[in-house]
Amino acid sequence: MAPDEIDEYAHVNNTVYLQWLDRIAWEHSAKLGVPLEHCLAIRRGMAVRHTRVDYLEAALLDDTLLVATWLVACDGRLRCTRRFEILRIADSKRVLDAEIEYFCLHLDTGKPCRFPREFIECYKVIPELAAAFAALPTALRHVGYSRGTL
C-alpha cells in the first residue's frame with residue numbers, strides 16, 4: 001500500500017478499502033471474460049446497489065494484504081452478489097469482510113436492464129463455492145450486521 005492510503009490514525013483509510021474492492025472486482029470480471037473495455041463497447045455494466053462492510057482489523061502501512069473476491073449469488077437476469085475478504089498475511093487475520101450487490105445497468109440510459117449474453121455466460125456462481133459458503137456458520141455468512149445480533 002502507498003503512504004497516501006494511510007489516514008491520520010496511522011492505518012488504511014476506510015475509503016481506500018472500497019477502492020481496493022472496486023479494483024479487484026474489475027480484475028475478477030476481466031478474468032471471467034468481461035473486461036471494462038467490453039462493457040463499454042456493449043454499453044452494459046454492473047452497478048453497485050448495496051455495499052456492506054465489516055472492518056475487522058486495522059491495516060498498517062507495512063502490512064502485506066491478500067484481497068480476494070468471488071461470486072456468491074447471480075440470478076442470470078439482473079443481479080449478482082460478490083463477497084470480498086482482505087487478509088493480513090503476517091498473522092492470517094481477516095482485516096475486512098464485505099458483500100456488494102450489483103445490478104446490470106444500461107450505460108446509455110442509466111436504467112437497470114437484463115444481462116447481455118456475455119454476463120449470463122461469465123457471471124456464474126461456482127457450485128463448490130456456493131456449497132462451502134452455505135456451510136459456513138451464520139455469523140460468517142452475514143456482513144454488515146453486528147455479529148452479536150445474529
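Predicted model: local features only at pLDDT ≥ 70, side-chain atom pairs only at ≥ 80, totals over all residues.
Good morning. Ser92 is exposed, with a relative accessible area of 52%. Here, exposed means over 50% relative accessible area, buried means under 20%, and partly exposed lies in between, with a 1.4 Å probe and protein chains only.

Residues are numbered from 1 along each chain as its sequence is written, and side-chain values use heavy atoms, with hydrogens and water left out.

Where does Ser92 sit? Ser92 is found in the loop between S3 and S4. Its phi is near 60°, a positive value in a residue other than glycine. The strands S3 and S4 form a hairpin, with four residues between them.

The chain has five helices and four strands; helices (H or I, at least four residues) and strands (E, at least two) are DSSP runs, numbered from the N terminus. Starting at the N terminus, the order of elements is α-α-β-β-β-β-α-α-α.

I turn next to strand S3, residues 79–88. Seven of its 10 residues are buried, so the strand is described as mostly covered. How many bridges join S3 to S4? There are 10 bridges between S3 and strand S4 (residues 93–106), and the two run antiparallel. Two strands count as paired if DSSP finds at least two bridges between them. Within this pairing, Arg83 has Glu99 in S4 as its bridge partner.

S3 also pairs with strand S2 (residues 65–74), in the antiparallel sense, over nine bridges. Here Thr69 has Phe84 in S3 as its bridge partner. The hairpin of S2 and S3 has four residues between the strands, and Gly76 takes a positive phi near 70° in this hairpin. As a general point, side chains in a regular strand alternate between the two faces of the sheet.

What of strand S1? This strand covers residues 44–55 and contains Arg49. Arg49 is partly exposed, with a relative accessible area of 49%. Apart from its neighbours within four places in sequence, Arg49 is in contact with Arg79, Glu101, Tyr102 and Phe103, where contact means heavy atoms within 4.5 Å. Arg49 and Arg79 are 30 residues apart along the chain, and their C-alpha atoms are separated by 9.2 Å.

In the loop between helix H2 (36–42) and S1 we find Arg43. Its phi is near 60°, again positive in a residue other than glycine. Arg43 is partly exposed, at 29% relative accessible area.

Finally, the chain as a whole. Along its principal axes, the C-alpha trace spans about 45 × 35 × 25 Å. Buried residues account for 35% of the 150 residues. Among contacts between residues at least 6 apart in sequence, 66% join residues at least 24 apart.

Thank you for your attention.
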